Amino acid sequence: QVQLVESGGGLVQAGGSLRLSCVASGSIFSLNAMGWYRQAPGKQRELVARITNGAIGNYLDSAKGRFTISRDNAKNTVYLQMNSLLPEDTAVYYCHANVVVAGMGRVERSYWGQGTQVTVSS
């Protein structure tokens, strides 16, 4: 069993900052690519940022220059630093990870966190 738990969401004013964290726990042999997705009411879930196991990140165009994804492999944690937040960033943010589960060789499994709410007021 692998669990992903997000934290760091909240209510902020436009222009403010938040730092989201996602901690993976369980029978983890390795964490491969990880990402942050978000879903606003009435919209489909979209990829905001992802980071490879080599710490190379890429971003949604609207997040480029404002958000930074990083990871701490020793802590099985991925972060999303969000600066200059806009009301349109309001959504539930979900952590995703491709995980090689201990005892399962090199086969990857996909895991999702339960989400953390980010609300940006005008």
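Predicted model: local features only at pLDDT ≥ 70, side-chain atom pairs only at ≥ 80, totals over all residues.

Glutamate 46 pairs with arginine 38 in a salt bridge, with 2.9 Å between the closest N and O atoms. Arginine 38 has 7% relative accessibility. That makes arginine 38 buried, because the cut-off for buried is under 20%.

Stay on arginine 38 and select aspartate 89. Their side chains form a salt bridge at 3.0 Å, N to O. Colour the strands next. Arginine 38 sits in strand S4, residues 28-39. Aspartate 89 sits in the loop between strand S8 (77-82) and strand S9 (91-101). The two residues are 51 apart in sequence, so their pairing ties those parts together. Is aspartate 89 buried or exposed? It is buried, with a relative accessible area of 1%.

Next stop: arginine 66. It makes a salt bridge with aspartate 89, and the closest N and O atoms are 2.8 Å apart. Look for arginine 66 in the loop between strand S6 (57-59) and strand S7 (67-72). This pair also links distant parts of the chain, 23 residues apart. Arginine 66 and aspartate 89 are both buried.

Finally, select Arg38, Glu46, Arg66 and Asp89 together. Salt bridges with shared partners join these four into one network. How many salt bridges does a search of the whole structure find? It finds 3.

Methods
Residues numbered from 1 in each chain as written. Heavy atoms only, no water. Buried < 20%, exposed > 50% of the residue type's maximum accessible area, 1.4 Å probe, protein only. Helix = DSSP H or I, 4+ residues; strand = E, 2+ residues; numbered from the N terminus.
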